[in-house]
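Good morning, and thank you for making time for this item.

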Amino acid sequence: DLSRYMNYNNMYSAGKNMIINGGFDIWQRGTTITAASHNTYTADQWININDSIGSINITQIDIASQGIGSRYAARVEKTSGASNRFVFINLSEGALNYVGKQVTLSFWLRKGSGLTSGITASIGTRANKYGTVYDNGDFGISNASINSTTFTKFTSTFNITSATANNSANLFELEFTAIQAGGTGVDRKST
């Protein structure tokens, strides 16, 4: 289960969330996507990438009782296929507005019993398919540090450099990546 948000650190815009649909409130394609293949759109602004191997189930789940300030999460479960990378991506506009600024990426994770890998969170600009990661905008989370019963909050603060803007189509690309063999019970949540 994945819950994520990213804020611009500035006294004039404190708490401004740059990521669209980070709380997984809007699902125009339905709140359950079964056997999502490579490059499938899911919750609004979110895309599933799984290297064309196997499939993923993506479901909106109600987590209001968790007390983390978000009503919903996205549950991402790899259901079949060989061990391979799968990525849950959010695309949001306005990357060029933050060049030269410091931002904070915060998100909540809870793992399912089937998740044996860690998770990598990356934020960058989207050039064609995959973007250039910002300074310190790429960090790994070990499997052992993700709880299976409650959500754990993870945070990273980094700078958006001017050089990165040259590769940008003015879109942020936020990626959550895991490498997992087929099997159920792989969850993530983002706000």
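Which residues do ring pairs link into a cluster? The cluster consists of F24, W27, W46 and F88. Rings of Phe, Tyr and Trp, the last through its six-membered ring, pair here if their centres lie within 6.5 Å; planes under 30 degrees apart count as stacked, over 60 as edge-to-face, and the rest as tilted.

Before going further, a word on the basis of these values. This is a predicted model, in which local features need pLDDT of at least 70 and side-chain atom pairs count only at pLDDT 80 or more, while totals for chains, interfaces and linings use all residues. Residues are numbered from 1 along each chain as its sequence is written, and side-chain values use heavy atoms, with hydrogens and water left out.

By the ring rule, the count comes to 6 aromatic pairs. One of them joins F24 and W46, a tilted pair with 4.8 Å centre to centre and 35° between the planes. Its partners come from distant parts of the chain, 22 residues apart: F24 sits in the loop between β1 and β2 (32-36), and W46 in strand β4 (residues 46-49). Strands here are DSSP runs of E of at least two residues, and helices are runs of H or I of at least four, numbered from the N terminus. F24 counts as buried because its relative accessibility is 0%, and W46 is buried because its value is also 0%. Buried means under 20% relative accessible area, exposed over 50%, and partly exposed in between, with a 1.4 Å probe and protein chains only.

F107 and F176 form an edge-to-face pair, 4.9 Å centre to centre with 75° between the planes. This pair also links distant parts of the chain, with F107 in strand β8 and F176 in strand β12 (residues 171-180), 69 residues apart. F107 is buried, at 0% relative accessible area, and F176 is buried at 0% as well.

The next topic is the core. In the largest nonpolar core, which has 35 residues, F24 and F107 touch the most other members. Apart from that core lies another, of 6 residues, including I61, A73, W108 and F151. A nonpolar core is a set of buried Ala, Val, Leu, Ile, Met, Phe, Trp, Tyr and Cys residues joined through side-chain atoms within 4.5 Å.

Strand β8 itself is mostly covered, with 7 of its 8 residues buried. β8 pairs with strand β11 (residues 152-159) in the antiparallel sense over 8 bridges, where pairing requires that DSSP find at least two bridges between the strands. L109 stands opposite T152 in β11.

The loop between β7 (84-93) and β8 (102-109) contains K101. K101 counts as partly exposed because its relative accessibility is 31%. Its C-alpha atom is separated by 8.6 Å from that of F158, 57 residues apart along the chain.

Finally, how confident is the predictor, given that pLDDT is its confidence in each residue, from 0 to 100? The protein chain averages 74, and 71% of the residues score at least 70. Over residues 4-14 pLDDT stays under 50. Where pLDDT is low, the predicted coordinates should not be read in detail.

Notes: Contact = heavy atoms within 4.5 Å.
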